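User: I'm new to this structure and would like a close look at a single part of it. Could you walk me through chain A?

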Amino acid sequence: MGKITGFKDYKRKNFTLASVEERIKHYNEFTTPLTQEEMEEQGARCMDCGVPFCHSNYGCPVGNIIPQFNDQVYRGRWEDAFRTLMSTNNFPEFTGRVCPAPCETACVLGLNETAVGIKNIEYSIIEKAYKEGWMKPQPPKSRTGKSVAVVGSGPAGMAVANQLNKAGHNVTLYEKNSRIGGLVRYGIPNFKLDKQKVVQRRVDLMAKEGIKFVTDANIGVDISIAELQKDNDAVVITTGAGNPRDLPIENRDANGIHFAMEFLSQSNSRVEGESFSAKDEILATGKDVVVIGGGDTGSDCVGNSIRQGAKSVTQIELMPKSPDKRTDDMPWPTYPRVFKLSTSQAEGAELDFNVLSKSFIKDESGNVTGINCVRIEWEGRGFNEIAGTEFILKADLVLLAMGFLGPLQDDVIKELSLETDERSNIKTKGFATSVDGVFSAGDSRRGQSLVVWAIHEGRECAVEVDEFLMKRQSMLNCKSRAYCEE
Amino acid sequence: MKLECYPCKEGLYDPEFEHDACGVGFVAHLKGEQSHNIVAKGLELLANLEHRGAVGAEKNSGDGAGILTQMPDSFMRRVAKEASNIELPPFGEYGVGVVFVPRDPDAYSETQSIVEQCIEELGQECLGWRRVPTINNSLGESVRATEPIVKQVFVKKADDIDTDAFERKLFVIRKYAQARVTASPIRGTGYFYMPSMSHKTISYKGQLITEQLPLYFPDLGDEDYESAIALVHSRFSTNTFPSWPLAQPFRYIAHNGEINTLRGNINWMKARQSLLHSNLFTKDELDKIYPFLINEAKGSDSSVLDNVIELLTLAGRKLPHVMTMMIPEAWRDDEMSEDRRAFYEYHATFMEPWDGPASVAFTDGKVVGATLDRNGLRPSRYFLTKDDILVMASEQGALEFPAEDIVLKGRLQPGKMFLADLEEGRIIPDEELKEQMATAYPYKEWVANQKINLDDLPMNEEPWQPNDETVKQRQKCYGYTVEDLKTVITPMANDAYEATGSMGNDASLAVLSHHSINLYNYFHQLFAQVTNPPIDPIREELVMSLTSYIGSQGNLFQEVDEDRNFIKLSTPILDNRQIARLKGIDKFNFKTKSISILFDAKKEGDMKDAIERVKDEVSRAVADGYAVIILSTRGVSELLAPIPTLLATSAVHQHLIAEGTRTSCGLVIESAEPREIHHFATLIGFGANAINPFLAFETIEDMRTKKLIREDLTQDEAVSNYITAVGKGIFKIMSKMGISTIRSYTGAQIFEAVGLGEKLVEKYFKGTPSRIAGIEIDTLEKETLMCHSLAYPKDIVESNGLGVGGQYAYRQRGENHLLSPENIFLLQQATKNGSYETFKQYTKTVDSVNDDFITLRGLLDFRGLNPIPIDEVEPVEGIMKRFATGAMSYGSISKEAHETLAIAMNSIGAKSNTGEGGEDSARFGTNKNSKIKQVASGRFGVTANYLVNAEELQIKLAQGAKPGEGGQLPGHKVDEVIGATRHSTPGVGLISPPPHHDIYSIEDLKQLIHDLKNANVNARINTKLVSEVGVGTIAAGVAKAYSDVILISGFDGGTGASPQTSIKHAGLPWELGLSETHQTLVKNGLRGRITLQTDGQLRSGRDVAIATLLGAEEWGIATSALIVEGCIMMRKCHLNTCPVGIATQDKDLRAKYTGKPEHVVNFVRFLATELREVMAELGFRTINEMVGRVDKLKAREGVKHWKAKHLHLEKLLYRMYVREEDSKYKTMTQNHGIEDALDNELIKTMRDAIDNKTPIKTEIRLRNINRTVGTMLSAEMTRKYGEEGLPDDTIYIKANGTGGQSFGAFVNSGITFEIEGDANDYFGKGLCGGKLILYPPVNSTFEANETVILGNVAFYGATSGEAYIYGLAGERFCVRNSGANVVVGAVGDHGCEYMTGGRVVVLGEIGKNFGAGMSGGIAYIYDKDDNLSQRINGGMVDLDKIETIADEDEVRGMIENYVKYTGSKEGDEILENWESSKSKFIKVMPRDYKRVLQNQAEEK
């Protein structure tokens, strides 16, 4: 119900951001949440729609019961709001920080006003829950005696593990890196999602609930998956879509050209105290950095580069600049491809669009010094180079952030000879792979996507695994049959 | 096989649902002088009531007419001798039975010999038979086909009995003979029937039209056929099937009305059967009566009523006493004596009211009288001449006498009785009569001794203490959802109101849901439409009652049962303390027994066995003398699951009825299950006397502690609010069926089931219609266990709360909806971009959502494909013209949204609908003019100008979202423009009454249709009905009432604000209603007279195609049209906060409106385009050839859905045989009889006035058969001059005589009627500027202001103009007046109801409930003796004095005019003594109106 006229009475208020000068001095999160009273007022803006689009296929992938927790927040019933939120979303502390919030672009109020600040509300609920101690370990009351191995500890793997553990199964989560979290740990910059304060906080909680974590375990490479199959009743593969798109142009072999993930994971690890040898270290300090690719990953490279003290940061993009507002071909409530300056970009990057990289330029020692570029114009799905617009972009460090093609093929996929689809993702029926007892969820199954989709995949997959193990209807919540708190 | 003369069930048609209504009246000689004159006058009266009857498909086939007279002794004596050489014994010693003998020779002799045997067996002597001469050449073919042979049998009284005993013997003979014949296997005996058998009275009747009666029975014309009483009746039935027996009068009564609670009354009578014993009947005689105690083979409600009246009268009570007991007046009345209240209360404990609109004329040959139900919804007028001729009839003027001969005129008032005792030779006033009855026995003492007030009992048991620990678990066990808490319970506990919602229902039917749905939701509430009116439980609360009694009822025949006790309950909902009191009762003769209604959750199939165990246990308890049986769900656990409470309740109730012990005990329900108002209504409707919903109370407690409901309330207050809300809700549900008291609602089963299997219904819900079969008890058990297993899971793996619901708002994981976010988006994109491709994507989602089975049509598939090239199908432009947008008022939606629809529909030759809010006259004649102008109960802005600017006039009898209810437009939605359009004051809320106050019955509808046709002869008249069982037979009646179009709306449609209970639970899907209507019209040969239209969540070309195949040739769209305009289904229309500027009047929000006419046009074009594709596939070139082709539909194959797979759709898809000469789509125009109207002459006379504004004065003669006088004249003039009309008195008509119904309806400015005489109902209806003057004939002798001069419901919906009435007007004077200024002598009950404007001055008495629902205008009442203020309903008005000069001038000016026009001497006196008289005026001032006027004054 909310406040009937709340949407007319209150304007949207966002979290405030620290100034650029201030925030680029460190790697910490730099948003200041609103006060509890302000949040409650924001909750009142929800119209409690008869058909809440935030909660549809255009909106929240996990199907958060948004109108309900908005109302609960408005009424100051934070603990109930917390339970509502947790009934559909395993990791609101992640999504409350990094989700692009399709719920907000689908919000009915957003049709002709500014949408309800759902993401901030989500953030506030879960952080309050931690603060108040409502968020505490809840190990299962009994154990089924079944065990499950989950390979890959990204958000999908964490969600699967979290859910299956609730159902009483013994879950071991395997991670090839030394810390748990996958992209959440290694990809997303610390200033957007704090590794210790947020990710590790959750990992610790899960450990207390009984989940075992095995790190530095590259399954299918160092440890055979057959071993896991032998020791467990089911295996779930949530290894992500780790295969980056390359840019195979002339002089690609020059030094100083890296995939974004290499750069980002080092950067994040460094924040957590890890150090790298000079040979391996990728640093932007004092360099002219060019980021190729205009997506979120690219932006993350920009933000880290600036914090590392790059001399300049340029981000180029093959595509034209998106329009500033919705156009007729991206109507509400679909997710709009509108241009939005990311916080990192706002910190001082040069952006350029319709730019094609023709070749890298390297000096005698094999180091990259620049990129030969040309401007292009788009015609339908193809483009033409514009003659005479060739130019050279100076670069000491080039970061390739052009997306991911699918899962790595030479680990579990190879070992189990898993069937894959035409996009090289693991092929499943439901979440079951071609090998009995082996399931897959997340980016390794559906391809590169959002954290929130990974959580969704993990939850749904867990239900299927539970039913596979117990041969009866699962009592776990999922999208098709969940029960929520009032 | 035996042939029955009554039509059989066929397809969805079921004769059980036929209705009738009628003209009724009598002529009597007050001194009991017998003469042929009385008979002749009776027949004349009957002929003049012809317009109240109906004719069927054939002009000369009527629905029935008849006459009941005293035994014409000398006539009988002569004809018995002449015909059969029988010498009759002296009067009183012979009886005459009138017998319809079958024509089939075998049946003929069989039935005659049975009658003779029965006479002998009862110890009387059969003297012989006479064949009654009949002349059938005037009869229509269909009537002649079933014409019986009419005979009279003469019975001689045995010597050893007196005449009263003889009369009883004759009664037993008749019942017994009927039973014996019915049991006979001989073919044709079904035609046997005995209209009467008595020594005192005799009836002549048949399936005739009124004027055929004397032609058919020459007996009636014989001069020696003499009687002092002639009771006559003309029937208007909703069918045209031969049913000679159902013609009236019956043996004691002629009934105009409808018994709404019939099913319950019949059940209760059956239940009493075993307790009946009498010293006037032997056991053997009672056994002979039983088979036909109350229900002679398929009788009508009236015949059943007659049967019970007859039984109770013969068993020893006087006829007026019996009438009073069965149709009691409302007795919670402070003006009533204690004795009288005790009389009613005493009888209330063992006889529930036979509830419904009823004017019943009755006679036993010695007294003659009439009584009116408590609501007074049927007109009855009477007068007495100086020659002692007493005439009572449905209307005034049906018999004409010179004015100077009339000594007394009156009307029957609500709940009152009018009785003439011909032996005493006088009229006994109601007051005297009732006091006589009330003091005949010491009822007050009996009540005092026997009554136990529940709240006076000691608390011997601990009340149930809430258990916080298990609340949630138990909530889950009963399927509680978050919505139950938030949407259902919260507003009830907080504010004692049920929640309001908007935009109809588009969620799955219960039987199509994937979820476990409470059994209650399979039952849909039925409601009154056309044949009887719904009532207003708020504004007319004085007739409503929730009081009930539990305990044994005892022997109905016995006047007093000393051993009996009964407990009085003031509401059927018991709180925890009350049920503890009840359980702990240990004194008096009371014992209560709790019986658990749980079953073994682990044992498959145990639910069924458990019900049998419960039944046995109950039987034993009743046998052991327990007078209160409590069915309890306490003790639910992991092992024990609850039987659905409704199932257990109905099973036990019906079991006890069958056992004949139901009236020996009260049935109380202690259950955790019910929480919604609908739940309680169904429990009561299926037999529960009282309910303790303890989990609902615990939930409230739980929510209080969680601060989910108001913190300032104590638990007791919250519970009390909740109980109040349930009470109000039950009132609303009862009232939409026209039922006033819970005692008659209990067990009345006024529901239709959708999706329940035959066996389940037959075994546990017998008598409830369930037409597409469905789930049986095993599936029900599964549903129950689904919830149970969630409450008691094998293991709890994560915190697991209540379900999301998704019934009221869309929710993932909740109920499926037709409108999902996805298809709302696609539809908007398709129509905005003009992309048919996107539209196809949309319809794919809508139709594939149908794979999830939300609607019945989702279960249908096309068959018999016969593709033709699409070019051969009629063009899309033609098809588009068949679309209309639904009725959405300007006011409920914004100007922008409203006009967009009009522009769009006009541009393609389709039609938009004004809705009930009127229309700004600036739109008339432009492309914004809505072609369909709606006429709803509020009559907002319904003026002559509005009506002439229509192409179609739609009478809204019901609307899908809330059938049987009126609407309410909150003050904040009434801005300047809307106020002007609705002829009301901005800022003042508006109420639409539940009924049209000019439609209480089918013949009234016929009258309104006639009125509207007169108001605009070029317009089609459309009658809007809502789907429910029996709507087909109603539609047949509507067709016979000359409607041109019938719209069948689905229950799920509707965009307006409605109570959630109504949105969800009232009415049925259009598929059922449409198909039933088409089938019934075809069966009656009426289909060709009607254009059939349907609407209700139509979404795609497929939906439209299915509607066409089921019988509709036109279609309406509303919700989807709004979606196209930008609606995103906020479902907040009622809050004025629509964020897209559609359903709001907020300026800022309206600015956000983005809809365009082109989008709507695209939508209609797409629908038509898709429909054409289906047509091409099925091989139809035109819509007309497609209409009703159900053979092209089949039930979808391979349905696996666990519930839906049990449905059987054969009846829905039944193809009714069409006779060659009949059409199955509209081909004929209705004959509205306009050419006979008096106005044709008036228009000629006034031609010069109309054309050239030349003032003309004329004088005419007036009779009651001149209906709707002045309306066509007004329309003719209005076409030329619009709203403004002509200068005052340009057209001046002096009329002498009696004005027929609707005199002066919709008369515009410049027209004046001056009537010397009197007038009937609906006088000045919709008056819009004209002037009406009415005064008694100058030579009349009666006291003007105490004599009725004007019928009921005068000036209904008047918008302006003035009127002066010298005399007493009937009930509901100036109801919904919004601007006329009227002065009147005196008025009946409910004066100025729902008034929103204008001035009314009353110079004499007022009836009860004056000013109810009055939100505007002012009434001044001259309270000479300072005793009238208590009759004013203070709910919305303040009582002031005349204080300002302006007030004084206003009142005085009006009275001066009054005296000038009517010569009123009372008015003259008041003016003479103005200074002293002015202080005696009560100024009745609506509070809202006062506030707004004050604000306006301050602003100035």
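**A look at chain A**

Let's start with charge: chain A carries 59 positive and 67 negative charges, and their mean positions sit 4 Å apart. Keep in mind that this is a predicted model.

Now for the build. Chain A has 17 helices and 18 strands. Its radius of gyration is 23 Å, close to the 23 Å that the globule rule gives for 486 residues, so chain A is as compact as a globular protein of that length. If you draw a box along the principal axes, the C-alpha atoms of chain A fill roughly 65 × 60 × 45 Å.

What about inside and outside? Of the 486 residues in chain A, 57% are buried, where buried means under 20% relative accessible area.

Take the contacts in chain A between residues at least 6 apart in sequence: 67% of them join residues at least 24 apart.

Notes: Residues numbered from 1 in each chain as written. Chains lettered and ligands numbered in written order. Predicted model: local features only at pLDDT ≥ 70, side-chain atom pairs only at ≥ 80, totals over all residues. Heavy atoms only, no water. Helix = DSSP H or I, 4+ residues; strand = E, 2+ residues; numbered from the N terminus. Rg over C-alpha atoms; globule rule 2.2 N^0.38 Å. Buried < 20%, exposed > 50% of the residue type's maximum accessible area, 1.4 Å probe, protein only. Contact = heavy atoms within 4.5 Å. Lys, Arg positive; Asp, Glu negative; His and termini not counted. Charge placed at Lys NZ, Arg CZ, Asp CG, Glu CD.
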